[in-house]
Amino acid sequence: ATIADAPEPLGAVWLRDGQIVLARSAREGLFIVGAVGRNLQALTTPRTAEGGHRWPSAQPDGSAIVFTVASHAERADQDYAGIVSTRTRVWGRLLDDVAAARVDVPGYLVAQRGQDLIAGAIDSRTHAIAGLPVAVMRTPAMQPGPRFAMSAAGTLVVAAPGDAWLQVALDWTAVLRRLGPPPLPLPR
């Protein structure tokens with residue numbers, strides 16, 4: 001079923017509440033829509049001197065979306081990770097110089113910076129990095145766009161551009177846990 005027009009799709013993520021966050025094109029922000037395709041609404045809008053928003057990834061509890069903000073000058077070294085609250089729709093800068101970021105493992109962020117995957121703890125209350133991210137894995141030459149995927153269960157998959165192989169690391173969360181304890185969950 002068609003849920004939205006996306007002339008240049010640059011990622012989507014399905015939230016626990018049934019909504020879908022998507023990047024429709026290289027010049028726009030993120031949009032949120034119901035799984036049946038009703039009520040397409042802007043979630044983010046690029047700021048002056050910024051390109052589009054792309055490659056959304058949802059925190060496991062659905063409270064925030066991490067995404068890549070493309071530089072207006074099309075220089076990948078100026079791209080950065082942004083984060084937007086799904087409740088307030090307020091967004092801001094999270095981490096500089098990244099091509100893609102994922103927050104699939106509760107309490108942690110993993111991002112692609114050049115040939116490195118970097119990781120750090122993320123505070124779910126403040127939606128900020130808790131400490132400096134560190135390089136945790138060297139990868140083949142990366143091209144723009146995400147070349148890795150993670151699962152909440154701890155599986156990491158890295159794809160080499162132009163090659164027909166995938167590198168799979170099971171229970172990779174042990175590497176993340178050495179970075180420090182994840183922040184405590186919010187009281188309910």
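Trainee: Which residue is the bridge partner of Ile118 in E12?

Mentor: Let me first state what we are reading. This is a predicted model, in which local features need pLDDT of at least 70 and side-chain atom pairs count only at pLDDT 80 or more, while totals for chains, interfaces and linings use all residues. Residues are numbered from 1 along each chain as its sequence is written, and side-chain values use heavy atoms, with hydrogens and water left out. As to the elements, helices (H or I, at least four residues) and strands (E, at least two) are DSSP runs numbered from the N terminus. Two strands pair if DSSP finds at least two bridges between them. In this model, the partner of Ile118 in E12 is Ala135.

Trainee: How many bridges join E11 to strand E12?

Mentor: Seven bridges link E11 with E12 (residues 128–138), and the two run antiparallel. Their hairpin has four residues between the strands, and His127 there takes a positive phi near 55 degrees. E11 also pairs with strand E10 (residues 108–113), again antiparallel, through six bridges. Within that pairing, Ala111 stands opposite Ile118. The hairpin of E10 and E11 has two residues between the strands, and Gly114 in its turn has a positive phi of about 60 degrees.

Trainee: Is strand E11 mostly covered or mostly uncovered?

Mentor: For single residues, buried means under 20% relative accessible area, exposed means over 50%, and partly exposed lies in between (1.4 Å probe, protein chains only). Strand E11 (residues 116–123) is mostly covered, with seven of its eight residues buried.

Trainee: In what order do the four strands of the open sheet lie?

Mentor: The order is E5-E6-E7-E8, with antiparallel pairing. Strand E5 (50–58) and strand E8 (91–96) are the edge strands, each pairing on one side only. On average, neighbouring strands of this sheet are turned by 35 degrees against each other, direction ignored; axes here are lines fitted to C-alpha atoms, for helices over the stretch in contact, and angles run from 0 to 180 degrees between N-to-C directions. Five bridges hold the antiparallel pair of E5 and strand E6 (residues 64–71), and Arg54 stands opposite Thr68 in E6.

Trainee: How should I read a core, and which residues have the most contacts inside the largest one?

Mentor: In soluble globular proteins, nonpolar side chains tend to be buried together. A nonpolar core is a set of buried Ala, Val, Leu, Ile, Met, Phe, Trp, Tyr and Cys residues joined through side-chain atoms within 4.5 Å. The largest one here has 16 residues, and Leu15, Val21, Leu30 and Ile65 have the most contacts inside it. Strand E2 (19–23), strand E3 (30–34), E5, E6 and E7 each give two or more residues to this core. E6 gives the most, with three residues. Apart from this core lies another, of 14 residues, among them Ala100, Val105, Val110 and Met150.

Trainee: Why does Leu30 count as buried?

Mentor: Leu30 counts as buried because its relative accessible area is 0%. Its place is in strand E3. Contact means heavy atoms within 4.5 Å. Leaving aside neighbours within four places in sequence, Leu30 is in contact with residues including Val21, Ala42, Ile65 and Phe67. The C-alpha atoms of Leu30 and Ala42 are separated by 6.2 Å, although the two are 12 residues apart along the chain.

Trainee: How many salt bridges does the structure hold?

Mentor: A salt bridge is a side-chain nitrogen of Lys or Arg within 4 Å of a carboxyl oxygen of Asp or Glu. The structure holds four. In one of them, Arg27 meets Glu8, with the closest N and O atoms 2.9 Å apart. Arg27 lies in the loop between E2 and E3 and Glu8 in the segment before strand E1 (12–14), so the pair ties together parts that are 19 residues apart in sequence. Arg27 is exposed at 61% relative accessibility, whereas Glu8 is partly exposed at 30%.

Trainee: Which residue forms a salt bridge with Asp96?

Mentor: The partner of Asp96 is Arg93, with the closest N and O atoms 2.5 Å apart. Asp96 is partly exposed at 40% relative accessibility, and Arg93 is exposed at 51%.
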